[in-house]
Amino acid sequence: MNRWPAISSAAILLFWGCVSLAQTNPRVETQLERVQTETAGGPFTADWDSLGAYRIPDWFRDAKFGIFIHWGVYSVPAFDNEWYPRNMYVQGSEAFKHHNATYGPQAKFGYKDFIPEFRAEHFDPDAWVDLFVRAGARYIVPVAEHCDGFPMYDSAITDWNAAKMGPKRDVVGELAAAIRKRGLHFGASSHRAEHWWWYDGGMKFDSDVQDKRYSGLYGPAAPSVPPGGDESKDPDPSHLEQWLPPDKAFLDDWLARSTEIVDKYHPDFVYFDWWIGQPAFQPYLPRFAAFYYNQAARRKQPVVLTYKDRDFPENAAVLDVERGKLDSIRLLPWQTDTSVSIHSWGYVKNDEYRDAKSLIDELVDVVSKNGNLLLNVGPKSDGTIPEEAQHILLQMGAWLKVNGEAIYGTRPWLLFGEGPTKVTSSALNTDRQEFTAEDIRFTAHGDALYAIALGWPSSGTLRVHSLWQGTPYLHGPVCSVQLLGSDTAMKWRQKADGLYIELPEQAPDEPAFAFRIQQSLSGKCGDLAASGKMQR
């Protein structure tokens, strides 16, 4: 069933007739011909009714935890955040002032001049993947192209890419090989859509953005504000219809670049950033999806495509919530993406970092609601991963090594959890929360139910309210309770107001505590009730 608002052909033609025309890139035209061929000869066609037949693969539902990598030329200045290439041209901004004081005026030293300094001399894809495997990740997603317009792969559409300039290495290709060599799933993200207006600040004063020799990098540098709007700030990011739409040449280029990534690297996972929600992209999104799904079908490759907000119909791809969570179980699988660093997705000097406990708590909360966590790291320009990030990832991996059976391959239970801490649904930058020892999350795998406590009760007893004696959520009585990572026989009792678990005197050195709970399917515990382990 089509759940997406229709946009009329007349409206599209009117829109395209009113925009400026740019010179056609023959390499774009060649790629678009491939897209036309691919979408015409597969099980999916470029319409939402057909794409509604897409099914989310089990590998994604089982994986639960992935790594996102924001790495590019913006790691050279390493100031403010990954929006430095835009903000250095926004007069009055901190990045603008820093750039002038450190490198001189933008007409003399622009963003392009950081490219030769982006050498990646210590980049070792195998070492990166080894770290991510030790962290417990099951899929890895490098940014293929960020909003700055500098692809990190060997693009045939533009020479402004990492294989031909800067490090002169096909970063995405090398990572794809290293990831697959370790049996993990490889993904790629594109943030190209925002490039339409990314460098518009450089058109308002003397800067190298206005030099046509560098248009291959700086692109349209079109204004984000329609005529008559307030040019002192960008329009509302939650209402992309208020932004000046891109023209047909840019949209064709976006589709060509996006499908080129699929052609060259066959990713298991593709992530798009938020600005594809601008209405002008609507006719292009089903074309990309049909191309990707058809190519994957021919390769017998189960793939994942993510979107934000309402950019796709919910049955045609996977919802991604940036730095946010949901307040309840979602019937369809979903994902949140956040970062180990607080102020920037890319590496910046003196950033602050989240602690492993907060990220493990977030992973547990998201998984209990049928979601995955995609956790970002930002490497330095030399190709090394900050020690702070490495330490956090290894702590997460140590926890997952003990408690992974309560995470990997699980499905949500009837209830996601209990406790006093409330989660704000899907709001940006609301994922950082502190939980209490009364906050418990549930997952299920086979006959096992897992109760994961996000703190250690000082009373020495954990009460799970939802598992009271006679609860309709269980098929029968609780027959066994075991703390993962411990050989200690647990004492517990099911009472009218909950399941009471007596805890060991010494709390394990863990940020969260997972209990495997076995229930009787016949109404009697039988052999599950080992002598001395069950008290009723």
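So, Arg 138 lies over the face of Tyr 408, at 3.6 Å from the ring centre. A charge counts as sitting over a ring if NZ of Lys or CZ of Arg is within 6 Å of the ring centre and within 35 degrees of the ring normal. Lys 112 does this too: its charged end sits over the ring of Tyr 214, 4.6 Å from the centre.

Quick housekeeping. This is a predicted model, where local features need pLDDT of at least 70 and side-chain atom pairs count only at pLDDT 80 or more, while totals for chains, interfaces and linings use all residues. Residues are numbered from 1 along each chain as its sequence is written, and side-chain values use heavy atoms, leaving out hydrogens and water.

Okay, the barrel. Eight strands close up in the order β1-β2-β3-β4-β5-β6-β7-β8, with parallel pairing. Strands here are DSSP runs of E, at least two residues, and helices are runs of H or I, at least four, both numbered from the N terminus; two strands pair if DSSP finds at least two bridges between them. For instance, β4 (269-272) and β5 (304-308) are joined by three bridges, and Val 270 has Leu 305 as its bridge partner.

Now look at helix α7, residues 125-135: α7 lies across β1, β2 and β8, at about 150 degrees to β1. Those angles run from 0 to 180 degrees between N-to-C directions, using lines fitted to C-alpha atoms, for helices over the stretch in contact. Contact means heavy atoms within 4.5 Å.

What sits inside? Nonpolar side chains tend to be buried together in soluble globular proteins. The largest nonpolar core here has 141 residues, and Phe 132 and Leu 305 are among those touching the most other members. Such a core is a set of buried Ala, Val, Leu, Ile, Met, Phe, Trp, Tyr and Cys residues joined through side-chain atoms within 4.5 Å. Leaving aside neighbours within four places in sequence, Phe 132 is in contact with residues including Ile 67, Ile 140 and Val 377.

Last stop, the rings. There are 48 aromatic pairs, meaning Phe, Tyr or Trp rings (six-membered ring for Trp) with centres within 6.5 Å; planes under 30 degrees apart are stacked, over 60 edge-to-face, the rest tilted. Trp 413 and Tyr 473 are edge-to-face, 6.1 Å centre to centre with 70 degrees between the planes. Buried or exposed, where does Trp 413 fall? Trp 413 is buried, at 11% relative accessible area, whereas Tyr 473 is partly exposed at 34%. Buried is under 20%, exposed over 50%, partly exposed in between, with a 1.4 Å probe and protein chains only.
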